[in-house]
Amino acid sequence: MSEEQIKNLEKQFDERIARDEKIEPKDWMPEKYRKTHIRQMSQHAHSEIVGMLPEGNWITRAPSLRRKVALLAKVQDEAGHGLYLYSATETLGVSRDELYEQLHTGKAKYSSIFNYPTVTWADMGAIGWLVDGAAIINQVPLCNTSYGPYARAMIRVCKEESFHQRQGYEIMIKLANGTPEQKEMAQDALNRWWWPSLMMLGPTDDVSVHTEQSMKWKLKRKSNDDLRQQFIDQTVPQADLIGLTIPDPDLKWNDERGSYDFGDIDWDEFWQVVKGHGPCNKERMKARVGAWEEGEWVRDAAMAHAEKKKERNQKQAV
Amino acid sequence: MKNENLYNYLLGIADNSLVLGQRMGELCGHGPSLETDIACTNISLDLFGQVRSYFQYAAKIAGDNRTEDDIAMLRKEREYKNVLLVEQPNTNFAYTIGRQFLFDVYHLAFLAELQKSTDLTLSAIANKCIKEVSYHERFSSDWVKRLGDGTKESNQKMQDAINDLWTYTDELFHQTDADKAMVAEGIGVDVTILKENYYKQVNNLLEEATLEVPESKWFQKGGKEGIHTEHLGYLLSDLQYMQRTYPNMEW
């Protein structure tokens with residue numbers, strides 16, 4: 001294809017996106033678009049899968065049968081999101097095994113928040129309320145993103161995430177209205193998860209790469225700082241309502257802006273965790289790689305059985 | 001307690017689902033593939049749903065302000081009535097599947113009979129559970145076949161698991177006093193009549209999976225009387241951790 005032709009195709013492609021048309025797997029797309037989507041969508045899928053671990057950590061110890069069932073269902077939803085997102089990513093011409101390989105070798109990233117430990121039951125509440133809350137803010141705009149399979153996946157994912165967020169907040173309400181010990185547990189969880197949740201919305205706009213191109217492709221509709229502000233403005237009244245204190249002495253309502261001002265985020269901590277040196281980076285990868293390696297003989301057996309079955313069926317047909 | 005036999009009978013049924021659900025829940029996030037991970041979590045979820053139905057009913061019968069959670073999480077080791085089979089650990093995926101299969105075949109036949117119970121609550125619970133359990137049985141049977149027929153390695157692993165778990169199968173058909181009393185009243189299931197068909201079904205599937213049917217006639221029992229393997233204590237310390245550490249609180 002000549003350069004001229006490619007330019008032409010790119011122009012048509014950009015116009016389609018500008019008209020809010022969806023790009024589908026068989027449509028022509030610039031290579032950069034494909035690669036960027038593979039990166040972002042697989043990162044999202046990996047986050048769902050790694051995100052099962054910190055919550056899975058409390059399944060056997062959930063305090064009541066009702067909570068245990070809800071937690072199991074929630075973690076199962078996450079596995080389902082992972083499956084859904086891997087499949088959507090595969091439409092861009094990459095296999096799930098290749099994507100796993102990228103995760104296991106550290107080439108692909110997942111959301112850093114899952115590198116923090118879940119040390120008490122209240123963390124199940126805090127994760128639902130704050131982490132899923134921040135995830136929703138990130139993800140709702142993606143329901144209108146330009147790549148069809150991703151947009152459709154996000155519609156379903158967001159519905160379930162918003163249910164998880166309410167479920168998490170409900171755990172926090174119960175703890176905050178419980179005994180002093182329970183309330184302390186809730187406050188402690190908020191103290192530990194607040195700042196990492198703010199970091200989840202990504203680096204500040206002045207250092208964030210990819211943003212401009214992503215905006216054009218509707219992979220991103222608002223800047224990180226705007227999303228963060230939205231998250232804070234939405235969450236602070238929820239904390240107030242249940243009598244918990246946001247661990248930020250600089251947090252103050254700003255009448256003029258109609259938003260909360262907030263203190264400095266420790267970006268050194270953020271980069272430390274992103275670069276692989278958070279409290280649980282090693283454990284999370286060990287768990288994922290371990291499950292994959294220990295499962296190899298099982299997957300091999302399933303393949304071998306399927307082959308044999310096919311052969312037997314063919315013989316029978318003859 | 002007015003209806004102690006029924007109460008104990010319910011615990012006997014529910015504890016199997018409770019302990020097996022707990023075991024399957026341990027695997028969440030660690031399965032050999034995303035699909036099997038989801039399936040194992042799903043089985044766990046089904047089993048805990050069943051547990052809730054049984055224990056809510058048991059709490060009603062006990063009539064002493066105990067809740068489903070008190071019954072599930074605040075008994076001592078010797079008061080758990082599950083069979084030894086379901087408490088066996090997730091040594092590897094073959095053990096997980098073998099345990100599930102050997103229990104599912106029994107569980108499905110048991111629920112089919114329980115549906116006929118003269119106790120309408122029990123029969124309604126059985127009616128709801130049987131749909132889930134027939135899926136579990138299909139899942140575990142398929143995997144026994146896959147692993148048995150798959151590769152040399154998987155065949156060996158599946159055979160080892162079946163050989164080790166076999167010793168716990170006979171207990172499924174052992175009757176306690178509460179069982180006998182409930183059978184006499186037309187409420188409970190006479191598990192002894194399920195035995196022949198169970199082994200026939202299991203043996204057929206093992207053969208189909210190119211596995212050998214263990215010849216050993218040495219069996220273990222005791223779970224139904226609360227005498228467990230050493231594995232159960234650790235499982236209970238996880239299960240009971242929150243209720244023991246923070247007593248009398250709502251969650």
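**Figure 1. Helices α6 and α7 of chain B, whose axes come within 6 Å.** In this predicted model, helix α6 (residues 120–149) of chain B and helix α7 (residues 152–166) of chain B have axes that cross at roughly 125 degrees, which makes α6(B) oblique to α7(B). On the side of α6(B), the contact is made by V144(B), R146(B), L147(B) and G148(B), and on the side of α7(B) by S154(B), N155(B) and M158(B). Sorted by class, the residues in this contact of α6(B) with α7(B) are three nonpolar, three polar and one charged.

**Figure 2. Helices α7 and α8 of chain A, whose axes come within 7 Å.** The axes of helix α7 (residues 148–176) of chain A and helix α8 (residues 180–200) of chain A cross at roughly 140 degrees, and α7(A) is therefore oblique to α8(A). M172(A), L175(A) and A176(A) of α7(A) make the contact with Q182(A), K183(A) and A186(A) of α8(A). By class, four nonpolar residues, one polar residue and one charged residue take part in this contact of α7(A) with α8(A).

**Figure 3. The aromatic pair of Y33(A) and Y147(A).** A search of the whole structure, over all chains, finds 24 aromatic pairs. One of them, formed by Y33(A) and Y147(A), is edge-to-face, with 6.3 Å from centre to centre and 75 degrees between the planes. Because Y33(A) lies in helix α2 (residues 31–50) of chain A and Y147(A) in the loop between α6 (122–139) and α7 of chain A, the pair ties together parts that are 114 residues apart in sequence. Y33(A) is buried, with a relative accessible area of 0%, and Y147(A) is likewise buried, with a relative accessible area of 0%.

**Figure 4. The rings of Y198(B) and Y199(B), and the aromatic cluster that includes them.** The ring centres of Y198(B) and Y199(B) are 5.1 Å apart and the ring planes stand at 85 degrees, so the pair is edge-to-face. Y198(B) and Y199(B) are both buried. Together with F103(B), Y106(B), F110(B), W166(B) and F173(B), the tyrosines Y198(B) and Y199(B) form one aromatic cluster.

Terms used. Residues are numbered from 1 along each chain as its sequence is written. Chains are lettered from A and ligands numbered from 1 in the order in which they are written. This is a predicted model: local features need pLDDT of at least 70, side-chain atom pairs count only at pLDDT 80 or more; totals for chains, interfaces and linings use all residues. Side-chain values use heavy atoms; hydrogens and water are left out. Axes are lines fitted to C-alpha atoms, for helices over the stretch in contact, and angles run from 0 to 180 degrees between N-to-C directions. Helices (H or I, at least four residues) and strands (E, at least two) are DSSP runs, numbered from the N terminus. Angles under 35 degrees count as roughly parallel, over 145 as roughly antiparallel, 65 to 115 as roughly perpendicular and the rest as oblique. Contact means heavy atoms within 4.5 Å. Ala, Val, Leu, Ile, Met, Phe, Trp, Tyr, Cys and Pro count as nonpolar, Asp, Glu, Lys and Arg as charged, and the others, Gly among them, as polar. Rings of Phe, Tyr and Trp (its six-membered ring) pair if their centres lie within 6.5 Å; planes under 30 degrees apart count as stacked, over 60 as edge-to-face and the rest as tilted. Buried means under 20% relative accessible area, exposed over 50%, partly exposed in between (1.4 Å probe, protein chains only).
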